[in-house]
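Dear colleague,

Please find the structure below, handed over for your review. My notes on what was found in it follow.

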Amino acid sequence: MGNNEKKWWQNAVVYQIYPKSFQDSDGDGYGDIRGMISRLDYLKDLGIDAVWISPMYCSPQDDNGYDISDYQDIDPMFGTLADMEELIREADRRGIKIIMDLVLNHTSDEHRWFQEAAKGKDNPYHDYYVWRDGEEGVYPNDMKSTFGGPAWEWVPELKQYYFHQFSVKQPDLNWENPKVRREIYDMILWWMDKGVGGFRLDVIDQIAKEPDLGITNNGPRLHEFLRELSRETFQKGNLITVGEAWGATPEIAKKYSNPDGSEFSMVFQFEHMVMDQQEGKEKWDLAPLPFVKLKKCLEKWQNELYGKGWNSLFWDNHDLPRIVSRWGDGGTYRVQSAKMLAVILHGMQGTPYIYQGEELGMTNVRFDSIEDYRDIETLNMYYDRLEAGYDKDEIMASVYAKSRDNARTPMQWSAEKNAGFTKGTPWLGVNPNYVEINAEDERKDPNSVWQFYRRLIRLRKEYPVFTDGKFKLLLPEDEQIFAYTRTDEEAELLVCANFTGETASCTLPAKWQDSEILLHNYEGVLQKELRPYEAVILLRKTAQGKGLC
Ligand code: GLC
């Protein structure tokens, strides 16, 4: 395939499923594969092309499946391997590809490799992980785990520490060991044989760590490892591959997503998603969103990757709070602001990702007590901060704003008990607003957020300028308006949105005055003022082209 040839995934829209919370079929309170199969028609109707499913491999669920104890089997909570094969087949029948979540930085401590590795320094699996000799209580260095506490765990029998960037139950794999890499490639090829359509690579920028130098992300051998991984596996199929990389800059992202296909299809980076926190502090240390900075950040990524790489477009995933509560308005203007955020995101260049429930405008949750939360990161932070003397209300304010459980409450299918998610007791509470916000009602309502997403997805398929067009930010310093154009030889789009709950003055340049409205989240003609969260996509056909496929 030539470098400049359009790849199928450039025009695709991906939907992310968090399996525990999507659809339960057997009443145990956990979502499962049979539940997913029963909802494939819903996804087909929405118009998506691929589904990324968070991990369903065997796992003790210390980090909800991101701690894998067997990569080649399905956790009984979700079903069986046969169910998985059926899901792949049934999805395929509807033209939907299944993207598996690959966690290659670490395994569970209950994985056979680690159990073996911990038996002795001369065990053949010992070197699959990262160990340092030492003395109890004297850590090799002061590196911290992302989920709190030291990144080192003492194993008295070996008089050694093992390294874990996440929980103690997620020991880091040693990518320096070629045997580890080979095991991983064989496992990936095995899944490719089963017909999966792609992979999402969890915290992939952390695999080439150098703990002695304090390096976690972007280690010196990272891209060497990735090129080998890609060559040995992905390049043998026409897959979509997406690397999660918190620490990527556009320069680094061009390596991950080089159009020559030597690493991944695209990068999933978070620079635009970490702005509403205090400089140099943690995500829990809340700060207002610097709107102009957000626009400039998105502009930078649009322009720098143009023709040189490929980005994912997202506001939400299973690690982030719900966007409508975060940067829109979860109350009065919930519907308008959810649509506005969708317009801004889907109008840009890249592959859009819709996280389950985002297409309904699902909101953050506010459980009364910390006891109702399940996420390890949230719980560890809560108790650490309590011990450090933080005020309980302040901690809860952070939880309400940023807890990963905001995104993990069960999918709201209907106004039935438990939102139609389960007949049993859900593993995590359902957001009580399911009575007003649910898929069944939204599919019937022509003005719903769901219908709007559906139209947006169809527009992307209909007008190539969404995929190809060059981006130009307008009104960069405006504190309320987010506006940009996208242009190719045939057509020009104008995306113009009021990002706030106040009216905003905005006079469109004359050439846009009689243009075609492709999508608009309010009734009626555009005024010189945009109403709260008003957003529109306009189309002009350029002299040469018709603007249509
Ligand atoms: C990624 C996942 C997150 C998980 C972590 C460790 O960031 O998205 O859910 O906790 O990696 O695997």
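The shell around the ligand consists of seven charged, four nonpolar and two polar residues (Ala, Val, Leu, Ile, Met, Phe, Trp, Tyr, Cys and Pro count as nonpolar, Asp, Glu, Lys and Arg as charged, and the others, Gly among them, as polar). This is a predicted model, in which local features need pLDDT of at least 70 and side-chain atom pairs pLDDT 80 or more, while totals for chains, interfaces and linings use all residues. Residues are numbered from 1 along each chain as its sequence is written, and side-chain values use heavy atoms, leaving out hydrogens and water.

In total, 13 residues surround the ligand, each with a heavy atom within 4 Å of it. Asp63, His106, Asp202, His318 and Asp319 are the closest.

Which distances separate ligand oxygen atoms from N or O atoms in the side chains of Asp63 and His106? For Asp63 the distance is 2.5 Å, and for His106 it is 3.0 Å. A ligand oxygen also lies 3.1 Å from a side-chain N or O atom of Arg200.

As for the chain, its secondary structure comprises 16 helices and 20 strands (DSSP runs of H or I, at least four residues, and of E, at least two). Its C-alpha trace spans about 75 × 55 × 45 Å along the principal axes.

With kind regards

Methods:
Polar contact = N/O pair within 3.5 Å; in protein donor to acceptor, adjacent residues only side chain to side chain.
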